[in-house]
Amino acid sequence: MSLVLGIETSCDETGVALVRDGRLLIDAVASSVDEHARFGGVVPEVASRAHLEAMVPTIERACAGAGVRLADLDAIAVTSGPGLVGALTVGVAAAKALALGLGVPLFGVNHLAAHVAVDTLDHGPLPEPTMALLVSGGHSSLLLVEDVTSTVTPLGRTIDDAAGEAFDKIARLLGLPFPGGPHIDRAAAEAVAERGEGVRSAIAFPRGLTSGRDLERHRYDVSFSGLKTSVARWVERREDAGERVDVPAVAASFQEAVVDVLTRKAVLACREQGVDTLLIGGGVAANSRLRALALERCADSGIRLRVPRPALCTDNGAMVAALGSLLVAAGRAPSELGLGVDSAMPVTAVRS
Ligand code: KG4
Ligand code: ZN
């Protein structure tokens, strides 16, 4: 029996969760997203201060909600990278204090590996290997996961913007609030409900790195900067002509371009690498069209699709506790108490 407390503070969510033997007891999240909304992006200093204020109350809320005392904990897991330095530092300092005070092991874990590990809470042990498509505000990567507690190999990544970043920038351009992903998702769904599925191809936006030499050279990489420019030009042309911008149609067509590329590349990687399970994680995995199209394309190719429930796709403490629990179960060595943060921690390092 092991009870692991997980702490996540890499960006703007203060997440604290408890996992007992691979089962999620509670997932407490305090978000500072509203404080960043007027800036149109996460402000690191504001995020760090919000983590400081939220840390102790969120730990208390998690323990009280699960009926657990700190003295019951067997291990502490914390995101040590990648992410914002100041934000990570708050979580790591809290985790060290708890581990030292309670005399339990401390595991500094990789945020990206944690986005993969969280799915075990919903769908049980991960088949080995599993292909993971990680799409968030800061990352878009295709990973070959041989063992999420030790061996993760990057196959592809974005060569410019992350998928979530593209959603957020286009939302801003369309006058939708931050973070933009959920708003684009909703606007697109409403457009489809009102006008039919054809609205997804109302505007022909480009699919980067999907053909010819680009595809050869960047087989599993993605790119969203060309798409972003194309959407911006389209909107500008309408505005210059004094025309109304059809926001729902732009949202639906833009979203379709993003999820088309992501699912094509992920399925290609599974087929070429002989992997029959695809896992999609990270904030953008909450996108309803990405989930639906991935399901369709995976079914066509005989690939099993795993996507955590939307609340576990965005940043949270459960993902960290889940990876911590797997590390404990696999008998992996804990981190040193001198553990530091690594804002650019490579995905090949599952823990530090
Ligand atoms: O994983 P996450 O919570 O934080 C990072 O590690 O970055 O991802 C946040 C990103 C934001 O860019 C947000 O717009 C995007 O995930 N996102 C979505 C949806 N929900 C969140 N993007 C598209 N559709 C959604 N439903
Ligand atoms: Zn994340």
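Modeller: Happy to! Let me start with a definition: buried means under 20% relative accessible area, exposed over 50%, and partly exposed in between, using a 1.4 Å probe and protein chains only. This is a predicted model, where local features need pLDDT of at least 70, side-chain atom pairs count only at pLDDT 80 or more, and totals for chains, interfaces and linings use all residues. Residues are numbered from 1 along each chain as its sequence is written, and side-chain values use heavy atoms, with hydrogens and water left out.

On that scale, Cys11 is partly exposed because its relative accessibility is 24%. Cys313, with 1%, counts as buried.

Now for bonding. A disulfide is a pair of cysteine sulfur atoms within 2.5 Å, and by this rule the count is zero. For Cys11, the closest cysteine sulfur belongs to Cys313 and lies 16 Å away, so the gap is too far for a bond.

As for the setting, buried residues make up 53% of the 352 residues in the chain. Taking a contact as heavy atoms within 4.5 Å, 74% of the contacts between residues at least 6 apart in sequence join residues at least 24 apart. The C-alpha atoms fill a box of roughly 65 × 45 × 35 Å along the principal axes.

Terms used:
Chains lettered and ligands numbered in written order.
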